[in-house]
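Below are some notes for a colleague who is opening this structure for the first time. Please read them with the model in view.

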Amino acid sequence: MANEDTERTGGRAAKLRPLAMLVPYLLRRKAMLAAAGVALLLAAGATLAIPLAVRRMIDHGFSASDAATIDSYFLALCGVVAVLAAASSARYYFVTMIGERVVADLRAEVFSHLTRLGIDFFDAARSGELVSRLSADTTQLKAAAGSNVSIALRNLLLFVGAIGLMVATSPWLSLLVVAALPVVVLPLVAFGRRVRGRARAAQDALAEATAFATEAIGAVRIVKAFTAENRVAARFRDAAELAYRTARSTTAARALLTGFGIFVVFASMIIVLWSGAQDVLSGRMSPGTLGQFLFYAVLAAGALGELSQVWGEIANAAGSAERLSEILRETPSVRAPAQPVALPTRVRGAIAFEEVSFRYPEGERGAALTDISFQVAPGERVAIIGPSGAGKSTLFNLLLRFYDPSAGRVTLEGVDLRRLDPAALRDQIAIVPQDTTVFAATLAENLRFGRPDADDAALARAARAAHADEFIAGLPQGFDTLLGERGIALSGGQRQRVAIARALLREAPILLLDEATSALDSESEVAVQAALDTLMRGRTTLVIAHRLATILKADRILVLDDGRLVEEGTHETLILKNGLYARLARLQFRADAA
Ligand SMILES: Nc1ncnc2c1ncn2[C@@H]1O[C@H](COP(=O)(O)OP(=O)(O)OP(=O)(O)O)[C@@H](O)[C@H]1O
């Protein structure tokens with residue numbers, strides 16, 4: 001509704017307003033812009049000069065007695081055409097390059113902005129949609145910033161110039177043309193609106209389907225395991241079908257309109273030509289003037305036609321610009337303060353939660369944490385246990401400052417995390433997640449993820465300490481073996497040891513460990529446990545524990561239930577207490593203890 005309103009109140013300019021986001025990018029390329037502008041003006045000027053030369057040729061050239069006059073006219077025409085060709089080629093080059101340049105800058109900037117946004121942004125966004133914005137919307141803009149804007153400008157110049165010169169050539173014939181204009185233009189405009197509305201709906205459906213397809217491809221194992229291929233394919237097919245049906249009806253309408261347009265344009269041309277012919281016959285106009293007028297009329301009509309074609313594209317690009325601006329307008333929810341408190345290069349690792357309550361921004365349920373207070377001394381090893389959804393991972397999220405607490409504060413060395421630069425804070429932390437992400441890169445690159453400057457010796461040390469050296473030696477190219485989607489898939493135990501080596505390499509004083517729940521074979525299990533022991537040594541460690549062995553080695557156990565800290569102590573004291581821990585221990589760790 002709002003959309004229609006802006007259209008009705010002459011909102012064309014308003015609709016294009018999102019394209020203003022391109023201005024700063026364009027202004028960075030002033031030299032290219034100037035070159036494109038000069039080429040554009042030269043090409044338009046040369047095009048408009050051609051009919052003048054044609055008229056002179058008809059009126060004087062053919063009747064001139066000496067061949068030299070004819071030659072000079074033809075020579076001048078050749079000169080004009082040469083300028084036109086050179087200017088058009090320069091225009092094409094500069095305008096296209098501006099488009100490419102702007103889009104390369106924009107893509108890089110949008111992605112780098114995305115990486116700086118808070119976790120809460122990604123909680124709410126769909127990754128498929130973000131990827132589509134990054135590729136499809138920027139491509140759409142490339143066409144707009146480059147060729148389409150140039151086509152529009154060129155045709156606008158040509159249209160205005162040709163109309164002006166038509167009036168100068170023959171006001172009376174121009175009046176006839178102007179009278180015919182509404183008959184041609186009005187149906188086009190009315191129709192264009194309807195087509196755009198429908199095309200937009202189809203595009204949205206397709207974008208939705210693409211996001212869905214991206215998810216389905218990413219989760220292809222789940223799709224197959226649940227034999228959902230047909231359902232997934234059918235959903236995508238429906239969206240594609242909708243896009244097709246929309247395209248069919250708009251194409252049919254467009255085809256009809258093309259016929260209508262051609263008829264009206266040529267009919268009015270014929271009327272103008274007939275009227276002009278009368279004038280020539282009665283001697284009121286020279287044949288050359290009529291020729292010149294017709295030439296301008298054809299130029300003006302052609303320019304109008306092209307303008308109406310690129311209009312849709314430019315409007316689409318405005319939509320893309322709007323979507324990209326939305327991303328660029330997002331501000332990171334977690335930011336460094338203006339004057340962050342400086343941390344020592346290596347903190348001791350004293351952590352405290354002080355009456356912390358937290359609720360996820362996107363959380364449907366109530367608080368994820370309620371009034372949590374505890375302290376961790378430097379070098380202490382603390383196990384966190386509790387039922388699923390108790391808030392264990394949330395503790396890590398707050399400690400990494402992915403979110404800020406809704407109430408209370410989290411401190412490192414007594415300093416509120418909000419007073420630290422988040423990057424400086426995270427530099428002090430190594431994390432071993434439950435399920436490691438292995439990127440499509442070499443093993444060495446994967447290990448260096450947290451410390452790109454680590455040398456080969458450090459890499460080998462970390463691999464050895466993580467008990468990964470043996471399986472690495474068995475890989476076809478050792479550390480240079482390609483992993484991930486395009487390379488070798490690692491087993492669960494191998495992935496865990498890669499995660500541990502990656503964390504070791506980071507040499508951070510604080511370790512956050514989310515113990516894997518999946519069972520490993522006993523050989524891998526022994527290797528992983530030994531690697532973890534090495535990793536935890538000398539570090540302040542918080543571990544979300546699932547194994548009795550890990551819990552027994554902890555200095556202290558925190559028991560969470562429904563976002564509250566319900567028990568705290570060692571294994572023995574908590575068993576004696578016979579509360580939630582004792583119950584969980586009986587249920588969860590029976591197999592371990594056996
Ligand atoms: N990104 C999020 N957005 C909204 N709610 C969330 C988010 N992450 C977790 N929650 C909710 O917060 C609560 C605590 O979740 P958390 O992941 O901390 O539990 P957990 O103890 O680590 O569970 P598990 O052992 O199953 O991993 C849950 O109710 C969960 O649904």
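1. Buried area here is the accessible area (1.4 Å probe) that two parts lose on being put together, summed over both. By that definition, domain 1 and domain 2 bury about 380 Å² between them, with 66% of it on carbon and sulfur atoms. Ile119, Asp120 and Asp123 provide 85% of the area that domain 1 buries against domain 2, more than any other three residues.

2. This is a predicted model, in which local features need pLDDT of at least 70 and side-chain atom pairs count only at pLDDT 80 or more, while totals for chains, interfaces and linings use all residues. Residues are numbered from 1 along each chain as its sequence is written, and side-chain values use heavy atoms, with hydrogens and water left out.

3. Domain 1 covers 19-329 and domain 2 covers 351-593, as given by an automatic or database domain assignment. Their centres, taken over C-alpha atoms, are 56 Å apart.

4. Contact (heavy atoms within 4.5 Å) links four residues of domain 1 with four residues of domain 2.

5. Why is helix α12 (residues 392-399) largely enclosed by the rest of the structure? Seven of its eight residues are buried, meaning under 20% relative accessible area (1.4 Å probe, protein chains only). Among them are Leu395, Phe396 and Leu398. Helices are DSSP runs (H or I, at least four residues), numbered from the N terminus.

6. Just after α12, Arg401 has a positive phi of about 50°.

Note on methods:
Buried < 20%, exposed > 50% of the residue type's maximum accessible area, 1.4 Å probe, protein only. Helix = DSSP H or I, 4+ residues; strand = E, 2+ residues; numbered from the N terminus.
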